[in-house]
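Please read them beside the sequence and the model.

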Amino acid sequence: MRVLPCRSKSIMCKEGRLNINESIFLQPLMNHKDSAWRGHAPFAGWLVEEFRPRTIVELGSHTGFSYLVFCQAVKALGYSAKCYAIDTWEGDIHAGLYGNDIYKELKSYSDDLYGGTSNLLKMYFDNALNNFEDGSVDLLHIDGLHTYDAVKHDYETWKPKLSTQGIILFHDTCVKGRDFGVWKLWEELKDEYPSISFTHSSGLGCLFVGNDLNTSKLDFLKDPCKVIQAQLLCSFLGKHVDEIHRLGKAAVALELLTHSSKAIEEQLRQQLGILTDKCSHLELEIKQKNDSSFKKITRHLIKSRRNF
């Protein structure tokens, strides 16, 4: 759905607006990892609470930030759902190549916190298609290889899997260059279904494709003023999540610096102790040598006096 310029003096419009639920204020538990998706955590939380998707599928998870946000929201709401992260965890031309450690860390973390909900499928997207019946996926997040051909292929091959409650998310809708093509596909699709997009955190597009979605929850999309209100709110809350991440990194850096300072202080204390011991030994040697020299000189003087 195309967002038109708002002619109203205020973004607060008279009728129906974005329902402010508790999950829009979700603070990611795994917020120490760098992720371009971080600013969209509030919208993801809102989406899960409003529509309660029973089957959530993410194509391309990397470190798992967005995937874990979905899992966290489901667990916090206490309803039954299954979340699937599909990835080779080998990387690509956009994410870069990486080893198996990222997969192992994500699996350990997700199994511990979301064992009854989380499922990691280490395979190519096309190979995972047979694991899902047509019409079974309620929320699909497409975030794999970002070329136009790749993301269009993911959209076309996975769209039949969407249920009548289906919602699709596309990340990086605002990134151009480096052969990114999500923005181009989004321009083609955004007017085919009710939709909303965000420009912060590399951009996120959301298509509400299901025929049986609760339309009352989407009434705000009919008014450009309310769309802008929702975009501003999610952007503001996303920046808050980003700020908490930066403060967390600063706290970790400060802790490391403090630990490093203490370690350096201890090393200096040890070195000072060693130098003090060496000085004591040197003083003792000098004293012993002086005493020996004094005794020799005294004996020599006594001997010389006797010779006179």
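1. A nonpolar core is here a set of buried Ala, Val, Leu, Ile, Met, Phe, Trp, Tyr and Cys residues joined through side-chain atoms within 4.5 Å; buried means under 20% relative accessible area with a 1.4 Å probe, protein chains only. The model is predicted, so that local features need pLDDT of at least 70 and side-chain atom pairs count only at pLDDT 80 or more, whereas totals for chains, interfaces and linings use all residues. Residues are numbered from 1 along each chain as its sequence is written, and side-chain values use heavy atoms, without hydrogens and water.

2. The largest nonpolar core holds 46 residues, of which Phe43, Leu47, Leu169, Ile196 and Phe208 touch the most other members. Elements that each supply at least two of its residues include helix H1 (41–51), helix H2 (65–77), strand S7 (162–171) and helix H7 (224–307). H2 gives the most, with eight residues. Helices are DSSP runs of H or I of at least four residues, and strands are E runs of at least two, numbered from the N terminus.

3. Leu169 is in contact (heavy atoms within 4.5 Å) with residues including Trp37, Phe43, Leu47, Phe70 and Cys206, leaving aside neighbours within four places in sequence.

4. Which residues line the largest cavity? They are Pro28, Leu29, Met30, Phe65, Leu68, Val69, Gln72, Tyr109 and Tyr114. A cavity is a set of points on a 1 Å grid over the protein atoms alone where a 1.4 Å probe fits but cannot get out, and lining residues have an atom within 4 Å of a point. H2 gives the most to this lining, with four residues.

Conventions. Buried < 20%, exposed > 50% of the residue type's maximum accessible area, 1.4 Å probe, protein only. 1 Å grid on protein atoms, 1.4 Å probe; cavity = no way out; pocket = protein on both sides within 12 Å on 5 of 7 lines; lining within 4 Å.
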